[in-house]
Amino acid sequence: MNQYPFSFDPKEPFIQQASDWIADVFYEKLPEAGFEVRDEQIFMAFQLERAYAEKQTIFAEAGVGTGKTLAYLLYAITYARYTRKPAVIACADESLIEQLVKPEGDIAKLARHLDLVVDARLGKSADQYLCLNKLDDARGAFEDEIYDDIFRELPSFVHKPETMQVFHPYGNRTDYPELNDEQWGKIGWDVFQDCLVCDRRHRCGQTLSRDHYRKSADIIICSHDFYMEHVWTYEARKREGQLPLLPEHSSVVFDEGHLLETAAQQALTYKLNHGVFESIITRLLQDEIRESLAVAIEEAISQSEHLFRMLGKHSVSVQASNRKEIQWNESLTREVNRLQSIIDSIEEELVFESGLFTIDEYQLKIVEEHLEMIQFALNLYKRDEKPISWVSEDKEGISLVIMPKWVKEVLKEQVFSRKMPIVFSSATLSVDGSFDYMKASLGIQEALQFTVPSPYDYENRMQMFAPGQGEALADSEKLSHTCKLLEQSGGRTLLLFPSMEELGQFRTAMAGQPVGEKYRFLYEGSAEISHLIAQFQQEEESVLCAVTLWEGLDIPGPSLSQVIIWSLPFPPKDPVFEARRADSDKPFETVDMPYMLLRLRQGIGRLIRTSDDSGRIVIFGDELNDDEVRKQVVRVLPKGVALQPLADLNIETTKLA
């Protein structure tokens, strides 16, 4: 196969030759294959040419239906072949990864119609893979036969040292679509698994997948979270003699790039847990060590247990968030400092102990790395700029989560300082026509930028409704309206919620409604997300209820004819957003509104996915009674679409056209 899909002249600039070929693709090849090529798509392609030629960052804001994915894929693939390094396409989440590589997706279309063989491989986050050790624990702890069935279906090489002739993927979350999130949590990898000392790691599905995607010639597709974890762990993994999560790459495309800041914050966190701390530090007690070190270890375990007990007592739940706010006081701060002091003494003892060679060198390295991480995280409280922190509670017990506030500095130094094409692609990157909000949140000073509108006829294809100004609806009234709207549309609805808490309340309330029996309701968390999406698309008279599908969901046709937004997607009042608000003179205008408007625009974008689609959007939310909020919402509606009073819809009798 020719390395390039065009005749390459090494005497001429590569990007210019690639752009000429891409122009032929849009002007000739795709139209001949029956594609509707749009001016907006061609405009975007020529803008990307400059970003790749000059190795710059570019904000590519392209409305729904502009075909932006095809444009950036063509540049990413050809540039990867020129540099002999794969491109990375980072999607907002795992479900969007699946949509990009599905049989009828854009990569498959390019390969089929341009006679290309595209080497596209998935790089999924560790938590998307089965943990063999947790599966063993689940089989012993729970009577559910499903775990025994999963064990029996594992490839034979997992249990015995067979030689693998070819890559054999297994253990992916999508392989077990019937498991709900709670069931998967009992067997899926989590942050407290210590893979470095696992004797089964070379037979692990996660490890085998990692070895596979690193060898991709064209594209590696991953999530934003995974890319940021690669950035954050790059130096540490090299110090430990491990390969970075991703290989050296030629360019990066952040699809749904407006969500990158959130992914960066999640990646740059430290999660401290007493159970994990105790299990790691007690490894030192397995060897012959001096009594002073043994005493210090026992003291650290006792102090850690006491500290986490206090954190549980001094933390409170936050509505619409799983992050508990810590109520800091002098006593709590004193206990944190005491734990640090004890760990200091252990680290000093380990210096002497390492010279005696009484502790296994590998075990010693694991413990030292963990103690170093704890000390670094706790030292953040001593900085003038305090970290963002909260308490989470799950099956592992209470955990202290610490997030540095200097995310922008890390991104600026380790991502945007590289001389490499970086593409932010989304229908919503600007706020009120400006990209400043995105630039400021990510620490980007210089970038190319452009906006192209959607080519769709929203004025005649989309209707939008909301309660009239001054009309406050109780949850029971919203539920009643929703039931009537679903009856009228025959299901075919995406219901979007700002939080799992609100989705859970809706699910409980729907249990007693006749419409809940009439149509199939698919709730996020009840099964693997891409499986739910596929069911929603295949079963036309169904209802999909979700929290994470405000962006990226692509369901053309009648299966998605209505979007109901249960409440405006303002950010919760949890520690992360409270920290952002505290740093702003006008928190509502600079934090809450931009976040809500970007997400709302994405939610609206789920309805019309082709020029033949039509339907309506209904927005609930008492905040619409605020004149300024309503005015801002109206300003972000597609051109030609008016926000009509819900009363005008006459739910009882009106039929959707």
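How many bridges join strand 14 to strand 16? There are 4, and the two strands, residues 493-496 and 542-546, run parallel.

Before going on, a word on the model: it is predicted, local features need pLDDT of at least 70, side-chain atom pairs count only at pLDDT 80 or more, and totals for chains, interfaces and linings use all residues. Residues are numbered from 1 along each chain as its sequence is written, and side-chain values use heavy atoms, with hydrogens and water left out.

Strands (E, at least two residues) and helices (H or I, at least four) are DSSP runs numbered from the N terminus, and two strands pair if DSSP finds at least two bridges between them. Leu 494 has Leu 544 in strand 16 as its bridge partner. Helix 20 (residues 500-510) packs on the sheet and touches strand 14, strand 15 and strand 16, where contact means heavy atoms within 4.5 Å.

The sheet is open, with 7 strands in the order 15-16-14-17-18-13-19 and parallel pairing. Strand 15 and strand 19 stand at its edges with a single partner strand each, so one side of each lacks a neighbour in the sheet.

Now to the helix pair. Helix 2 passes helix 3 in a right-handed crossing (the near helix is turned clockwise from the far one by less than a right angle). Axes are lines fitted to C-alpha atoms, for helices over the stretch in contact, and angles between N-to-C directions run from 0 to 180 degrees.

| Helix pair | Axes come within | Crossing angle |
|---|---|---|
| Helix 2 (residues 39-54) and helix 3 (residues 68-83) | 9 Å | roughly 30° |

Among the residues that meet are Met 44 and Leu 48 in helix 2, and Leu 70 and Tyr 75 in helix 3.
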